[in-house]
Each structure stands twice: as structure tokens, then as C-alpha cells.
Amino acid sequence: MNKNRPVNLEISTIKLPITAIVSILHRASGVFLFAGVAVLMWMLDTSLDSAEGFAAVQETLASPIAKFILWAVLAGLAYHLVMGVRHLFMDFGVGESLKGV
């Protein structure tokens with residue numbers, strides 16, 4: 001039996017490579033977007049339903065908090081899209097060499 005093996009791995013002491021951090025953030029942005037895109041779709045449906053619905057959505061988006069939430073959802077969508085394309089390239093073997101990274 002090898003005595004050098006760790007008995008209990010403490011996750012806070014493990015140094016993750018940048019690719020692992022990016023992968024974790026890609027998954028987290030996907031979970032965030034699941035709810036965020038649902039809100040965007042609700043806003044689109046409400047604004048297209050009637051003139052009153054459009055005015056209500058427009059009034060809601062006038063607050064700074066709503067603007068920040070909208071920005072966060074759109075920024076998360078852009079991040080998720082770019083990292084998804086990166087993962088697709090990695091699936092085809094592009095950028096897997098040390099020089100490519």
C-alpha cells in the first residue's frame with residue numbers, strides 16, 4: 001500500500017488550472033442563463049401582447065436594478081456563447097497542445 005497517497009482531499013488547497021476554472025464558470029453561466037433567458041422570454045411575450053404590456057416592461061426596465069440584471073443576463077449569454085465555441089474547438093482537438101494553449 002502506498003503511504004504517500006492523501007487520505008482526505010481538501011478542495012480549497014488544490015490549485016486548479018485556468019481551463020478547469022473556465023469550464024466551471026461555463027457550467028455556472030449555463031445554470032444562470034436557464035433562469036435569465038426565461039425572464040427575457042417573459043418580458044418579450046409581455047411586451048408583444050399589448051401596448052399596456054409594452055409600457056409595463058418599459059417601466060420595469062427604467063430602474064437601475066433591472067438594467068443591471070438585464071446586463072448580467074446578456075453578459076452571461078455572451079460569455080456562455082464564446083466559451084461554448086471554445087469547447088467545440090477543443091472537442092475537435094484544436095488548441096490541445098502546450099504551444100496551442
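This is a predicted model: local features need pLDDT of at least 70, side-chain atom pairs count only at pLDDT 80 or more; totals for chains, interfaces and linings use all residues.

Trainee: Where does Asn4 sit, and is Asn4 buried or exposed?
Mentor: Asn4 lies in the segment before H1. Helices are DSSP runs (H or I, at least four residues), numbered from the N terminus. For accessibility, buried means under 20% relative accessible area, exposed over 50%, and partly exposed in between (1.4 Å probe, protein chains only). Asn4 has 73% relative accessibility, so Asn4 counts as exposed.
Mentor: Residues are numbered from 1 along each chain as its sequence is written, and side-chain values use heavy atoms, with hydrogens and water left out.

Trainee: What about Ser47, buried or exposed?
Mentor: Ser47 is in helix H1 and counts as buried because its relative accessibility is 16%. Contact means heavy atoms within 4.5 Å. Leaving out residues up to four places away in sequence, Ser47 touches Gly53, Phe54 and Val57.

Trainee: At what angle do H1 and H2 pack?
Mentor: Axes are lines fitted to C-alpha atoms, for helices over the stretch in contact, and angles run from 0 to 180 degrees between N-to-C directions. H1 and H2 (residues 51-60) pack at about 135°, with axes 5 Å apart. That makes the pair oblique; under 35 degrees counts as roughly parallel, over 145 as roughly antiparallel, 65 to 115 as roughly perpendicular, and the rest as oblique. On the H1 side, Met43, Thr46 and Ser47 meet Gly53, Phe54 and Val57 of H2.

Trainee: And how do H1 and H3 pack?
Mentor: H1 (residues 18-49) and H3 (residues 64-91) also make an angle of about 135°, with their axes 8 Å apart, and are therefore oblique to each other. H1 passes H3 in a left-handed crossing, meaning the near helix is turned anticlockwise from the far one by less than a right angle (clockwise would be right-handed).

Trainee: Which residues of H3 are buried?
Mentor: Ala66, Ala72, Val73, Gly76 and Met83 are buried in H3, and the buried residues of H3 pack against H1 and H2.

Trainee: What phi does Gly93 take?
Mentor: Just after H3, Gly93 has a positive phi of about 90°.

Terms used. Helices (H or I, at least four residues) and strands (E, at least two) are DSSP runs, numbered from the N terminus.
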